[in-house]
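Biologist: Before we talk through this model, please set each value against the definition behind it, and then say what follows.

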Protein chains: 2
Amino acid sequence: MVVGKVANEKSFAKLFKQNSIKFLMPKKDLEFVKKVQKEITLLSNASALLGWDQQVYMPKKASQDRAEQATILDGILHKKITDDKFYKAVLSLSKSKLPNDDARTIEILKRDLGKARKLPNEFIEELSKTTSQAFDAWQEARERKDFKIFLPHLKKIVELKKKQAKYIGLAGHTYNSLLDSFEEGMTVEELKPKFEKLKIELIELIKKIENSEKYKTQKNIFENYTFSNDKQIIMSKEIAEKIGLKKDISRVDISTHPFTIRLGTKDVRITTNVRTDPLFSLLSTMHEAGHALYEIQMPEKFKYTALMDTPSLGIHESQSRFWENMVGRNKPFWKYYSKQFKSEFGLKEKEEEIFSSVNHIFPGKIRIESDEVHYCLHVILRFEIEIDLIAGKISVEELPKIWNNKMKELFGVTPKNDAEGVLQDVHWSGGSFGYFPTYALGTIYASQIYEQMKKEIPKIEEEIEKGNFEKMQKWLGEKIHSQGRKYLAEDLIKKVCGEGLNPEVYIKYLTKKFSEIYGF
Amino acid sequence: MVVGKVANEKSFAKLFKQNSIKFLMPKKDLEFVKKVQKEITLLSNASALLGWDQQVYMPKKASQDRAEQATILDGILHKKITDDKFYKAVLSLSKSKLPNDDARTIEILKRDLGKARKLPNEFIEELSKTTSQAFDAWQEARERKDFKIFLPHLKKIVELKKKQAKYIGLAGHTYNSLLDSFEEGMTVEELKPKFEKLKIELIELIKKIENSEKYKTQKNIFENYTFSNDKQIIMSKEIAEKIGLKKDISRVDISTHPFTIRLGTKDVRITTNVRTDPLFSLLSTMHEAGHALYEIQMPEKFKYTALMDTPSLGIHESQSRFWENMVGRNKPFWKYYSKQFKSEFGLKEKEEEIFSSVNHIFPGKIRIESDEVHYCLHVILRFEIEIDLIAGKISVEELPKIWNNKMKELFGVTPKNDAEGVLQDVHWSGGSFGYFPTYALGTIYASQIYEQMKKEIPKIEEEIEKGNFEKMQKWLGEKIHSQGRKYLAEDLIKKVCGEGLNPEVYIKYLTKKFSEIYGF
């Protein structure tokens, strides 16, 4: 959703002084655009709080009321976003000569508003209400391991999403119009062949791992221990703070599915949880903390402007995957962290064995519990299903069967029930079709960013070994976070890494890491 | 603020059938009024969540952003409340013949809207922003025990409140226009002499207590023990649930100052905290749970109507004071609760001694930690200051001095610093002038209600002794909660107790209870 965007008053004032007659109209328009965008941001913050509370602290029976509250607030927001006067001011400014940041702000607004204005108010209200109720149905369905409870809600959502794609009407595959909301400029035509190739290479890599001697004898050492839930949460909170989530601007709470949310520039919150896997809480917290650090390190000067944003969710995800994988699953990190981890939970094994177990490869059924190698296969499975659903090639009723077939084909395993199959993710209940691919994109970007970082920060692995994250925080802040939404994802990655999206860097990274661990 | 009010569709539909031509216009108006009032309720719920979060979980540095979020949302709300079309529909309906509940709804709306419409949008926005910032200043001032930090904010608020009183313009004392927002129909002219008399009688009663033998030798037995904060909170949560706050529709969290808030008909939350006094958490939780039970037991059929409300905050307070005093400080309750209390905290004293200590009379400086006898004196002190402030007879700068002088006069003690003096309450930082008197009114009403309940529920004290609260819950639900805002406070109390506000019942109740405890 378009939030927090407004032209940069300061730089405009400077320009205005240079040419006071010519810019009389733009100044008035700019002030108006600024005012509206501030209102939109603030109301979005309020709406975000309704969502945060629903997932974290709201009493169960309040969900119907909460759905109605969200519906009305989102309706007001949509009305503001699609207001004619606002759009006209943006269009008028788009024809004026403005300083760089302002010009980019107006360019983004013109594009985003143009898209948003295609969706009628009633449609937004229906979508908001439907997804709010669907979220509760999904929770119940997952709890009871029964897809049928979620089915009618998901059917309604898929129909609404097809309708939305029609309203947006981008070129190419119908799905492009949904994907674009999360990954600006990306298309099925570009992504499908890249994912197809990645899929083949990942399956090849997995075969090599599975054929290794080490794989055949590997054991989960964590099974022998008990990991106190409270301790896991406390340690996760400590790591979050170390990554940069200071308590006066952030929080860590518990929710079913971990997430990050910005409720203000000085209020960025994450959630975590515990699962059977004792690493889940730690690594998912590092993941969400990576998202949150991005939000926290965006510059104050972009506040209430379209630049206070990410180029794409893929870029956002690159920040979370960076901290989860390149730090949290990296050897130097476990040189630093093993001691505390062992002593808190009473583990007897050596650091080396713990590191191997952290990177234990296993064809699991749950995406968010996945190892690094299988992860993108989970995403590709969802991507393939989503494009077929939106194209009308498959029906919602068939989903559990299709899901399980694909799991068999890609992973060689079959979910025992829908809770560990088609019902495992929250995204569809929220209407987020087109979101999943950004997880794979982020994972690939993260590997490219890490390769570049290693070239630019001397002895980075030694820093991680000491638990010093400051240089990485600063580097990411300078190179990525401080850029906001000034560039498209592809251009930003080119600027930072010298080349655009390159899955080969990712495959190389994985092959090097896991050939060392599994010895092939 | 006017929230949650809309005409009752069902009863109207019935009437409409009986007379389909005559009511054609009212039906359209009624539907419109219903729609607007639903929107107002839902947006008020969202605004309430912003407030709840600010006091319970929000990171410290987010307060500036939160103030801006609250300001814009409250601005939208005020615009909806004061919308001409809405008011016209209400005025038009007020001339139609409607079924009882609908007629009362429209009568309330006409009155409340008439008042609300007198306040300009800009005034509401300024008040909202001012109080949001003042809340943070008050917190800091109290922490640093320095009134000067709060002074400029409070000055601004008092000026705004004088302005507000002028806008409202009720007859008599300027303060009446503020008091009426909390206690409809009540005036300085009526209250001042009653409080004056009550003050004299309370001081007389306190003298009797202080002259008793028992008072001279009384000791605080709780000083000899350590009361785990965690255990206090757990026990408070248990009591809240016993009073009727089921977890699927309610929550208990921790905040600086305990409060109750309704975020929806199935989402009523309270907060608690611990203080040096080990009874604070328990009794303040019972207090807030009493408020919450009222909200929970209002009938679903009143949802989104003006009837889903209390006649006055005095009546609301009667419910909280009932559970705090008539249950929580009552002998039968300690017959039931002493055993658990003693075992959880390892107390050695007898039940009788614990009950005496619960009702230990002491001229404390903090209102919310006050015993039953001193409590109304705290309120009267604030009432006297408020009316003089609003009348312009005293200045904000003089407040600490005036406060301390009055404390000396009424209690015979002087606060060590402003934190235990003029800075102790949150109310003024939120602009709530006229709120305090309702605490005393509620305290008096509670004693009247208890006397009546004893007549109507056989062996009520035995029920309390067994920890059975169901009969009381049901009785309060039937007599008070289910009535919503159908009657004015005075009329409701007459209906329930056979007579209106009568401070003599309260003085009698206190005299009987404390003459038994102190033996005079």
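Modeller: Chain A of this predicted model is divided into domain 1 (9–117) and domain 2 (188–518), with bounds that come from an automatic or database domain assignment. Residues are numbered from 1 along each chain as its sequence is written, while chains are lettered from A and ligands numbered from 1 in the order in which they are written. Local features need pLDDT of at least 70 and side-chain atom pairs count only at pLDDT 80 or more, whereas totals for chains, interfaces and linings use all residues.

Biologist: How do you know which residues of domain 1 of chain A are in contact with domain 2 of chain A, and how many are there?

Modeller: Two residues are in contact if their C-beta atoms, placed from the backbone, lie within 7 Å, and 15 residues of domain 1 of chain A meet that criterion with 14 residues of domain 2 of chain A. Helix H2 (24–56) and helix H5 (100–116) of chain A are the elements that give two or more residues to this side of domain 1, helices being DSSP runs of H or I with at least four residues, and strands runs of E with at least two, numbered from the N terminus. H2(A) gives the most, with 10 residues.

Biologist: What makes the span of H5(A) close to the expected one?

Modeller: The expected span is 1.5 Å times one less than the number of residues; H5(A) has 17 residues and reaches 24 Å from its first C-alpha to its last, close to the 24 Å expected.

Biologist: Why is strand S2 (residues 260–264) of chain A called largely enclosed?

Modeller: A residue is buried if 20 or more other C-beta atoms lie within 10 Å of its own, exposed if 12 or fewer, and partly exposed in between, with C-beta atoms placed from the backbone. In S2(A), 5 of the 5 residues are buried, so the strand is largely enclosed by the rest of the structure.

Biologist: What makes S2(A) and strand S3 (residues 267–272) of chain A a pair?

Modeller: Strands pair if DSSP finds at least two bridges between them, and 4 bridges join S2(A) to S3(A), which run antiparallel. They form a hairpin with 2 residues between them.
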